[in-house]
Amino acid sequence: MKSKNYLSACRSVVLLVISFTVCSFVTGQTLRISTEQREPSPYEGEQNAFIITNSIEQWKPSETAIIVCDMWDKHWCDLSTARWVELSKAIDATLAAARAKGVRIVHAPSECMEFYKDYPQRKEAQKYKNALLQKLAKGDKLPSEEGAEWPIDASDEGCEGNGSPQIVWKRQSELIQIGENDIISDSGAEIGAYFKKEGVKNVIIVGVATNMCVIGRSFGLRAMKRMGFRPFLLRDLTDVMYNPKNPPLSLPADAPDKISAHFAGIDLMVEYIEKYVCPSIVSTDFTGNKQFRFADDKRKNIAILCAEGEYHANQKLPEFAHELTLKNYHCDFALGKPYMEGPGRHNIENLQILEDADMMLLFVRRRALEPEKLAKIKSYVESGRPVLGIRVSSVAFDANKVVPREGGGEVEAKEKASEYLAQWPELDRDIWGGNYHGHYEHLKEGTDITITPGMENHPLLKGVKPFNSLNWLYQCAPLRSEKAQVFLLGSNPGKPLEPVFWTNGNKIIYTSLGHWDDWKDDSFRNLMFNSVEWLLK
């Protein structure tokens, strides 16, 4: 007993020291920033495809700046003006948090410098000159954008409300405070020269409009990249000029969800920027609060947790999310590393998205998490909101268990997770109602998928026909929930039928399907879209 108490005390001291050290390190010297970006797919045969990735970085506040782009006091489009009042308040709170951490702030309300001519923050900015940067401070397309399709049509100037294009702004929104040590400029050359002089490397841009000024001003994302800085879009604190009557949504003028559909334009523009221009981040890294969302954005909010390295989920789920965006859903990602060994594997970033999610999609394999992070996931599930689990999510948070193999053998997990991290081995039994205990051998012929007799006309199976999957068949029978209803069965020659798609009540769906080639099959894709609609409606 004395030995156990001693070890317990030692662990407490170690955790206290680690906690103090990390806290001091982050608050005193660096910013912990979680970035999100899209990179060309590394998977064979996937041309013009992208994977979604994240990276955790430590930045010095003195090397970091935020540019507030064109947050004017008024816009010619009435709906934009109304949205930007709301956005201004969120931006101001984020700037206050960033400023307190030592981040530099630049206010860039274009065409308003006359209003600020006597402000010391404006006079300070005018001191900075650099002839080379003057040539680089331009917002035309980058070489990385060559051949890329522009995501939204704003050829009508993108106003879904009332107004005609004209300059009606005189200053920046009064709701955004200008700090004593901030600067004011709408010149990319001035701002760039200021950054070079002060040693700024990381440049974050907030404000409007992402498809116009944020990307294309002389101080915008493209220009900052040309000038040699590391630009980042603050993706939750931005808006677009987009009327959803135009492509790609092309909604009729009287569509009941027209107002919410405007915000799909933001998601599509963020996706484009992450692919071709620069990474994005969220305000949470400065404020500690959940990310901002407009009050009029009434779309159903899907939190996608993606952390596995076998089934190309980091490519297939973003592609699925893109199509969901076009169906007027909003998708946020919480990401883990797509590998089974190595540093950083036992982590998932951005879990604050679960706070106001309407649905969680889980495609995670054998992760252990910090207790507070796993608690967020458990809290979501316990709230009774819908959950869709795919393939390896039967062992999503079972990191140390031996891994069953075909033929009845077992192998040890590739690495043991720290005892200080939390796991949830009961997820399969208690949430999915499943009973995963291995899989059959890999067959070139794949697995034949058939519909459970009597379920052919169920809404979940609309557009779903028997098909063949390259998945090796999971052994999940018998299921361990009285509420479980099986809709699809899988078969291998000489083996018993196995459930491969079932519900566990009216808020839980699990499927052991999910091979990357499944997403090319219309029946599987329909199954996934049907699942989202069924769970949310």
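# Rings, pockets and burial in a predicted model

Student: How many aromatic pairs does the count come to?
Tutor: The count comes to 22 aromatic pairs. Keep in mind that this is a predicted model.

Student: Why is the pair of Phe292 and Phe294 called edge-to-face?
Tutor: Start with the distance. The ring centres of Phe292 and Phe294 are 4.9 Å apart, and rings pair if their centres lie within 6.5 Å. Then take the angle. The planes of Phe292 and Phe294 stand at 75°, and planes over 60 degrees apart count as edge-to-face. So the Phe292 and Phe294 pair is edge-to-face.

Student: How do you know whether Phe292 is buried or exposed?
Tutor: Its relative accessibility is 18%. Buried means under 20%. Phe292 therefore counts as buried.

Student: And what makes Phe294 buried?
Tutor: The relative accessible area of Phe294 is 6%. The cut-off is under 20%, so Phe294 is buried.

Student: Why is the pair of Trp502 and Tyr510 called tilted?
Tutor: The centres of Trp502 and Tyr510 are 4.9 Å apart, with the planes at 50°. Stacked needs under 30 degrees, edge-to-face needs over 60, and the rest count as tilted. So the pair of Trp502 and Tyr510 is tilted. Both Trp502 and Tyr510 are buried.

Student: Which residues do ring pairs link into a cluster?
Tutor: The cluster holds Phe50, Trp150, Tyr272 and Tyr276.

Student: How do you know that the charged end of Lys196 sits over the ring of Phe229?
Tutor: The charged end of Lys196 is 4.8 Å from the centre of the Phe229 ring. The distance cut-off is within 6 Å, and the charge must also be within 35 degrees of the ring normal. Lys196 is listed as sitting over Phe229.

Student: Which ring face does Arg391 lie over?
Tutor: Arg391 lies over the face of Trp472, at 5.6 Å from the ring centre. The limit is within 6 Å.

Student: How much space lies in the second largest pocket?
Tutor: About 600 Å³. The second largest pocket is lined by 23 residues, and the closest to its centre are Glu149, Glu271, Lys275, Tyr276 and His322. That brings back Tyr276, one of the residues of the ring cluster.

Student: Which helix gives the most to the lining of the second largest pocket?
Tutor: H9 gives the most, with 5 residues. Strand S2 (50–59), helix H9 (264–276) and helix H11 (313–326) each supply at least two residues of this lining. The lining of the second largest pocket divides into 14 nonpolar, 3 polar and 6 charged residues.

Student: How many cavities of 30 Å³ or more does the count come to?
Tutor: The count is 1 cavity. About 470 Å³ of space lies in the largest cavity. Among its 30 lining residues, Asp267, Gln291, His330, Cys331 and Asp332 lie nearest its centre. Strand S1 (31–40), strand S7 (230–238), H9, H11 and strand S10 (330–335) give two or more residues to that lining.

Student: How do the residues of the lining of the largest cavity divide?
Tutor: There are 10 nonpolar, 8 polar and 12 charged residues in the lining of the largest cavity.

Student: What makes Gln352 buried?
Tutor: Gln352 has a relative accessible area of 11%. Against the cut-off of under 20%, Gln352 is buried. Gln352 lies in the loop between S10 and strand S11 (359–364).

Student: Why does Leu460 count as buried?
Tutor: Its relative accessibility is 0%. The cut-off is under 20%, so Leu460 counts as buried. Leu460 is found in the loop between strand S15 (447–451) and strand S16 (467–469).

Student: How many helices and strands does the protein have?
Tutor: The secondary structure comes to 14 helices and 19 strands.

Student: Why is the protein called as compact as a globular protein of that length?
Tutor: The radius of gyration is 25 Å, close to the 24 Å that the globule rule gives for 537 residues, so the protein is as compact as a globular protein of that length. Of the 537 residues, 56% count as buried.

Terms used. Residues are numbered from 1 along each chain as its sequence is written. This is a predicted model: local features need pLDDT of at least 70, side-chain atom pairs count only at pLDDT 80 or more; totals for chains, interfaces and linings use all residues. Side-chain values use heavy atoms; hydrogens and water are left out. Rings of Phe, Tyr and Trp (its six-membered ring) pair if their centres lie within 6.5 Å; planes under 30 degrees apart count as stacked, over 60 as edge-to-face and the rest as tilted. Buried means under 20% relative accessible area, exposed over 50%, partly exposed in between (1.4 Å probe, protein chains only). On a 1 Å grid over the protein atoms alone, a cavity is a set of points where a 1.4 Å probe fits but cannot get out, and a pocket is an open set with protein on both sides within 12 Å along at least five of seven lines; lining residues have an atom within 4 Å of a point. Grid points are joined across faces, edges and corners, and a volume is the space filled by probe spheres set on the points. Helices (H or I, at least four residues) and strands (E, at least two) are DSSP runs, numbered from the N terminus. Ala, Val, Leu, Ile, Met, Phe, Trp, Tyr, Cys and Pro count as nonpolar, Asp, Glu, Lys and Arg as charged, and the others, Gly among them, as polar. The radius of gyration is taken over C-alpha atoms; the globule rule is 2.2 Å times the number of residues to the power 0.38.
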